[in-house]
Amino acid sequence: MIFTLSEEHQMIQKMVRDFAKHEVEPTAKERDEEERFDRDLFTKMAELGLTGIPWPEEYGGIGSDYLTYVVAVEELSKVCASTGVTLSAHTSLACWPVYTFGTEEQKQEYLKPMARGEKIGAYGLTEPGSGSDAGGMKTTAVKNGNEYILNGTKIFITNGGIADYYIVFAALEPDKKHKGTTAFIVEKDFAGFSVGKKEKKLGIRSSPTTEIIFEDCRVPLKNRLGEEGEGFKIAMMTLDGGRNGIAAQAVGIAQGAFEAATAYAKERKQFGRPIAEQQGISFKLADMATAIEASRLLTYQAAWLESEGLPYGKASAMSKLYAGDAAMKVTTEAVQIFGGYGYTKDYPVERYMRDAKITQIYEGTQEIQRIVISRMVMQS
Ligand code: CAA
C-alpha cells in the first residue's frame, strides 16, 4: 500500500491549489453574498484542463483519473465550495453517464464540448414528490415518431440555468417503475424545455440551483442515453461516483475551515497566551485534523477503486457519509474556535459551516447512504 499521491497527482494538486488561491478565493465571499455564478472562472478551469480530468483526450479530456478529479474538487472546495460542486456535478453527474453509456456519436457531440469546458452539464433526477425515493418520479416520456415527448418538473438542479446539457430521467413505462425509466440528454434550447425558479439557499450560494421544466419537450430519439428502461440503473450508477465528488467537496470545506481556525488559534490570545496552546482548543484541533484525515483517506480510496475499475459504490457511499458528517462537525467547531467573530461575516468560517450542511443532503441524504451501505454490507 502506498499512501502518497504520485508525482503527477501532486503536480495537478499544486496547480489547482495555486489556481484556487489566486483566481477563486479572492471573489468567493462576494460571489456567496451576491449569489453569483462566474462563467469566466469555469472557462479558466477549462483552460487548465479541469473540466475534463478523467476523460481520454479523444473526448476532450486530459486523460487523467478519478483520484486527480477528487483532488481538484477538494482544492477548489477548500476556498469555495460552490466552485467545487460546479465542477463535481459537471464531471460526475453529466460527463460520466455520457462517457459510460453514450454512443460514440453522443460522446463526440456532448462529452467533448463538456470536457473542454465549452459547455456545462447538469443532472435532473429529483422531483417535488420524489427525492430519496428516486424511483417514484412523475416526469413522463412518450415516444412519438422520431422523438420522445417529455412532461414534468425536476427540482434542486445543480448548475440549473447555467448548463447547456441536462441528463434527465423520465418514466417511459410508468407501470414498470424502476424498469420503466429512461435517460435522455436534453439541450437547453430544445422546444418545451425551460428553467424555473432559482432557489435561495443557506450555502453554496454561488452555485445556481433551479427547477427545470418540461412542457411537451421534444427530444430526438438519438438523444436517448442507454436503452429504454435502463434509466434508473444509469441514475444510480451515476450517483455512485457522484457521491465521492461530494465527499471530496466535504474534505475541502473541512480543510479550509480547519486551516482558518488553526491560524486564528495561534494568534488569538486569551488568559495571556495563544488559545491554540490551551487544551480546550488544542484538543478540538486534534479531533478536527483526525476527522479530516479519515475523510480524505476514504475519499481517495473510493476514487482509486473507480480508477482501477474495481467496485466503488459502497466505498463512495461511505466516503460521502463520513466526510459529510465530518465537514459539518469540523466547520461548527471552527466557528466555535473563532467565538463571536466566527459568527460574523468578517471571517470565512460561517460560510464554511453553511456550505458544509449541503454535503449531508445532496446526492443522497446521509440516511440514504446508510441504506446503500447496509444493503451492500448484508450482501457480502
Ligand atoms: N447500481 C446499479 N444498479 C442499481 C444501483 C446501483 N448503485 N442501485 C440500485 N440499482 C438497481 C437495482 O439493482 C434494482 O434493479 P432490478 O430492478 O434489476 O433488481 C433497481 O435499481 C432498483 O433498486 P432498489 O430496489 O434498490 O431501488 P429503491 O427504490 O429501493 O431505491 C435507493 C434505492 C438507494 C434508495 C435510491 O432510490 C436512491 O439512491 N435514492 C436517493 C436518490 C438521490 O441520491 N438523489 C439525489 C439526486 S442528485 C442531487 O442531489 C442534485 C444535484 O444536482 C447535486
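How far does a backbone N or O atom of Ser 132 lie from a nitrogen atom of the ligand? In this predicted model, the distance is 2.7 Å, within the 3.5 Å that defines a polar contact between N or O atoms. Of the 1100 Å² of accessible area that the ligand has on its own, the protein covers 71% (Shrake-Rupley method, 1.4 Å probe).

The model is predicted, with local features requiring pLDDT of at least 70 and side-chain atom pairs pLDDT 80 or more, while totals for chains, interfaces and linings use all residues. Residues are numbered from 1 along each chain as its sequence is written, and side-chain values use heavy atoms, without hydrogens and water.

Turning to the shell, 23 residues surround the ligand, and the closest are Ser 132, His 178, Lys 179, Glu 363 and Arg 375 (a heavy atom within 4 Å). The shell divides into 11 nonpolar, six polar and six charged residues, with Asp, Glu, Lys and Arg counted as charged and Gly among the polar ones. Two or more residues each come from β3 (147-158), α6 (231-267) and α10 (366-379), elements taken from DSSP runs of at least four residues for helices and at least two for strands. The largest share, seven residues, belongs to α6.

Because domain 2 (122-231) and domain 3 (233-379) both contribute to this shell, the ligand lies between them; the bounds come from an automatic or database domain assignment.

Terms used: A polar contact is a pair of N or O atoms within 3.5 Å; within protein, one must be able to donate a hydrogen and the other to accept it, and residues adjacent in sequence count only if both atoms are side-chain atoms.
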